[in-house]
Structures are given as structure tokens and as C-alpha cells.
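Please read them with the coordinates open.

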Amino acid sequence: MGTGLEMPDYIFESSWEVCNKVGGIYTVLSTRAKTLQEALHDRIIFIGPDLDEANDLFFKEDKTLYKDWKAQTVEDGLAVRVGRWKVPGEPVAVLVDFNQYYAEKNEIYTWLWEHYQVDSLHAYGDYDEASMFSYAAAKVVESFYGFYLDKSKKVIYHGNEWMTGLGLLYINNKLPQVATLFTTHATSIGRSIAGNNKPLYDYLFAYNGDQMSWELNMQSKHSIEKQTAKYVDCFTTVSEITANECKELLDKPVDFVLPNGFENDFVPKGAQFTRKRNAARKRIFQVANALLGEELDEKNTLVVSTSGRYEFRNKGVDVYIEAMNRLLRDNRLSKNVLAFIEVPGWVGEPRQDLIDRLKAGGKYDTPLHAPMITHWLHNMSRDNVLDMLKYLDMQNRKEDKVKIIFLPCYLNGNDGVFNMTYYDLVVGNDLCIYPSYYEPWGYTPLESIAFKVPCVTSDLAGFGLWANSEIGHTGEITDGVKVIHRTDYNYSEVADKIKDTVAEYSNFTAAQVKMSRDNADKLSHKALWSNFIKYYYKAYDFALRRAEERVTK
């Protein structure tokens, strides 16, 4: 605990990704949970959406927990399941069904407009779903507070992303004594500008967030995000790069930057690490050889990958493919390269012809049809990755030193082809490459170095900037993290830098590889939650003091 800082007696934290693995926010919350659980002992309560089977992998119901309050929730008209989140620390989690609130949607939005000038008129897609969940989550806090707590207790309600904004504003209005804290992990409008191929960074000072929200049909999401940032007790984000975006696009500077840490207890140690790495490499080469119809020499092949959400430009998938294409013609490359793209697409089913070959376990000298993809997609003819491979004529021919394979599904251990989890697979890599154009933090490179896999990232990622500051200069691959300078316009230069880095790494001696891997491992330890939680404690203190001021006025 920080000295002299006010600490909350209770924290309620809500997110669409509580017990619901969608993206990086799941990792932020689920790894931080252990540190907070140790500090607060069941007085940190996570609130997520009740999505039935989707939660069951991550949630364990416990009917004895808060049993007396549970009876009250029925009277309050709430449909909740109480239990524990199946992550280290096993914190309390409350899942709430929000479907009943759709019937009151218009009244809720009218209230939101009258009290906080949030424009929900242009809502579509996930805005309604997120808002109804957010409203339900706030009702859970209101019910729990009314049953167990009073003004003698210091309470924080922490919401993540615009999707929790409505609930934060509801608590601000109905329970002013509860301190509210809002973390935006990326502004909806910034992500949209970047995703729509507009230059974000050079013109950031000139963009008007409200005007851009009209242009990009994002009025409602932008409105809830902007008003939430304005009214909460403490507004935070995850990196300096996104703090700048908040100031320019939401017209509200953040109060604190809360960098994303992680727990490394899922990283195998010692002999188990070697076993896991060998198992991953064995499977990687089995699948590649069955798909490509050739026996790649494992000792003479570099395994590289990129992964994350399917945001083709934002995550740098386009520039990764471009770099691999240029690498085909780089005569400094002294090994073969097996390059994976691990981003979930609109996946149909695993390829039966590939499964048959894997089951038979023989050696093959002819490639399968379309030897660049492991699972069939619903939209084979309109997929960004496949379109770019086709445009560049990257067909994984026998003579190509660089083979690229698209693995378009969630690696949850039962995808039908690899049947390994992402963490069990990433440990087999030689390099990971994440040349993001838009990346508020960047968990994928952090996870990569935790598994002693050196990585390439960009200085448009919060993690890349953090790595540079920790290393003390622009990161090189020998430091464990190569940080490439990226701007709105230097795509070609970035592709060349990636190509050069892979070619350079292919010529490393065993001692140089070991140094790079050791440096990656050392850097990852600096990002543990034990080092980063202090920023949260300062934000909690700030929020609690603001709430006290408001209530005693």
C-alpha cells in the first residue's frame, strides 16, 4: 500500500471483458486481479455481462457468496450470478443479465441526455448492448451498496472503456459518495480515425473529436465517452500516447496514466519451459509440413508471428505481410522463415484435408490447395489477409525461403488444427512482430518477451515507448525489443526495418540469440503488476478525495 494515500474499503470494477475473453482488457483486469485481491481480500468485486455459456470457461458460480444480498437482488429486479473469476487470486465476480433493460431503453437514454447531455440518438450496433449492460452493472453496485455499505466506507466504482460510461454517470448521480474512476484503453474516435486510413498523429492537434464523430458515424460512442471523462472523479488511460489523444479528441486531459502490467505466473519455468517450447515447435512444424507438403528443417527455420485483433492496418498486419514479401528477395537471410498471422477472422471450420494429413502423420511432397491458410473462412474472396497475399503473389512455393500461414481463429486449445492455446504456441517462436499503427498499450509484445521471445514493435504503441524509456535508448533486437519509429507516412520504411531485423536475427550466433532472449525476459519483469500497481493506488486516492470534496460541499 502507498504511504499517506487513501485506500478504498471496496472497489467495484466493471468491464464487458470480465469473465469474457475478447481482447487485451481481459488480460489487464484478470492479471491485475491477483494483486488487488491480496490487498483487499474479497472487497474487490468485478462485474461483467452474463452471457451464459460464453462465461463458463472463466466463471465459477458460488451460491454461498453474499447469499443474503442475493435474495435482495431478486426483490430489486436484478438477475445476477455471484461467484469467482477463474484467474489467479480468484476474485469475486458478479455477472448480470441486462436484457430486461431494453424495454426501458428510451427512458434511460432520455435521462442520460437530460442529466449529462449524452447523445444516444445515433446509437447502433453494440452501443445499445453496452449501455444496457452498463446500466445493469451500476444497478448491481447500487443494490450492493444499499444492502451492505454506508458513507463510513470508502468505495470506488471503476469502469473500463466507453462501454461502462452510462453506469459511471448513473453512480455519479445516484450515489455521489461513491468515487468514480474511468479508464479509456483507446478512444473510440481515435481508433476509428486510424482504422479508416486517415492520418491520426500529424493532424491530432487539428482534429475536432465532435466533428470527426459525425463524419465517421460515431456520435453516440464518442458522446458517452466524452461526457463520462468530463464527469467522473478520476479519468485515466494506459499510455502517454493515448493521453495525448484524450486531450485532443475528448477535450479532457487524463488525471493519471495507468500502464498495463501483468502477472508472469502463466510462464513456465526451467525444464517445463524447455518442454513447452519443444512441444510448440513440434506442432508448428507438423502443421506447416502437412499444409505446405515439404519437410522444413527445424534447425534452419525461424518461426515468427504476429497476432492480436483483426485490425488490418491498426495492428500492422499489412506492413508485416509487406515485410515478409520483401524478405523473399533479401540475400542476407540465412535461414528459412515460417511466418504466422494469428488473428481471428470470420472463421468457418478447420480444414478437413489438413486434419486428415495430420492424423495420418506421413511425409508429404505436394502442398494442399491454398497452402497459406489453416481454416476455411466464410468470406474467402473478401478477406484482407488473403487479398494481400494474392496481390503480392505469395503462394508458398517450394523455392520460397519465406512461407506465410494465416491462422484465423482464437487459439483456445480446441481450434481443430493446432489444438494448443495461444500461450502454449507463442513459446515456440523465435521472433514476434507487432508493428502497430494504433496501439494504446500493446499486450502482445509484453507477453512475447515474458516467454523470452524477442519482439519487434513500434513507437506508436504505448508498450514501445515504455520499452524505449526502460532500455534508455531506442530498443534494438539485441535488447529483446526492437522499437521501430513509425509515423503516418513511413509504411515502406517500417516494412524494410522489419525485413532487416529478421535477416539480421537469422545470422545471430547462439550466444547472440541467448543474449537477446535473456534481455527480453529481464525487461518483462519490469512490467509486473508489483511495479505498476502504485499508479492505481494514486488514482484511487485522487478519486476518493474528489468524491469527499463533492459530498461535503
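What covers the buried residues of H17? The points below begin with the basis of the model and then take up that helix.

1. Basis. This is a predicted model, in which local features need pLDDT of at least 70 and side-chain atom pairs count only at pLDDT 80 or more, while totals for chains, interfaces and linings use all residues. Residues are numbered from 1 along each chain as its sequence is written, and side-chain values use heavy atoms, with hydrogens and water left out.

2. Helix H17. The cover over the buried residues of H17 includes helices H10 (240–249), H16 (443–450), H19 (510–525) and H20 (529–552), together with strands E16 (455–458) and E17 (481–484). Helices (H or I, at least four residues) and strands (E, at least two) are DSSP runs, numbered from the N terminus. Within H17 (residues 462–471), the buried positions are Gly-462, Phe-463, Gly-464, Trp-466, Ala-467 and Asn-468. Buried means under 20% relative accessible area, exposed over 50%, and partly exposed in between, with a 1.4 Å probe and protein chains only. Contact means heavy atoms within 4.5 Å. Just after H17, Gly-472 has a positive phi of about 95°.

3. The parallel sheet. Six strands make an open sheet with parallel pairing, in the order E14-E11-E10-E15-E16-E17. Its edge strands, E14 (402–406) and E17, each pair on one side only. From one strand to the next the twist averages 20°. Two strands pair if DSSP finds at least two bridges between them; E16 and E17, which run parallel, are joined by 4 bridges. Ser-458 is opposite Ile-484 of E17. Helix H12 (residues 317–327) lies across E10 (301–307), E11 (336–342), E14 and E15 (431–433), and runs at about 165° to E11. Axes are lines fitted to C-alpha atoms, for helices over the stretch in contact, and angles run from 0 to 180 degrees between N-to-C directions.

4. The mixed sheet. A further open sheet has 9 strands with mixed pairing, ordered E3-E4-E5-E2-E1-E6-E7-E8-E9. Strands E3 (59–61) and E9 (256–257) each have a single partner strand, so one side of each is left without a neighbour in the sheet. E7 (residues 179–184) and E8 (residues 234–237) run parallel and are joined by 4 bridges, with Leu-181 opposite Cys-234 in E8. H10 packs on this sheet and touches E7, E8 and E9, its direction making about 130° with that of E8. Helix H1 (residues 24–40) lies across E1 (10–14), E2 (44–49), E4 and E6 (155–160), at about 155° to E2.

5. Gly-83. This residue lies in strand E4 (residues 79–85). Gly-83 counts as buried because its relative accessibility is 0%. Leaving out residues up to four places away in sequence, Gly-83 touches Phe-59, Lys-60, Glu-61, Asp-62, Leu-65, Pro-91, Val-92 and Ala-93. Its C-alpha atom is separated by 8.3 Å from that of Leu-95, 12 residues apart along the chain.

6. Gln-117, in the loop between H4 (105–116) and H5 (126–148), has phi near 55°. Gln-117 is partly exposed, with a relative accessible area of 37%. Asn-197, in the loop between H7 and H8 (209–215), has phi near 60°. Asn-197 is exposed, at 55%.

7. Cavities. On a 1 Å grid over the protein atoms alone, a cavity is a set of points where a 1.4 Å probe fits but cannot get out, and a pocket is an open set with protein on both sides within 12 Å along at least five of seven lines; lining residues have an atom within 4 Å of a point. Grid points are joined across faces, edges and corners, and a volume is the space filled by probe spheres set on the points. Helix H9 (residues 219–231) gives the most to the lining of the largest cavity, with 3 residues.

8. Second largest pocket. This pocket holds about 500 Å³ of space. Of its 22 lining residues, the closest to its centre are Asp-126, Trp-162, Arg-191, Lys-221 and Arg-309. Helix H7 (residues 188–195) provides the largest share of the lining, 4 residues.
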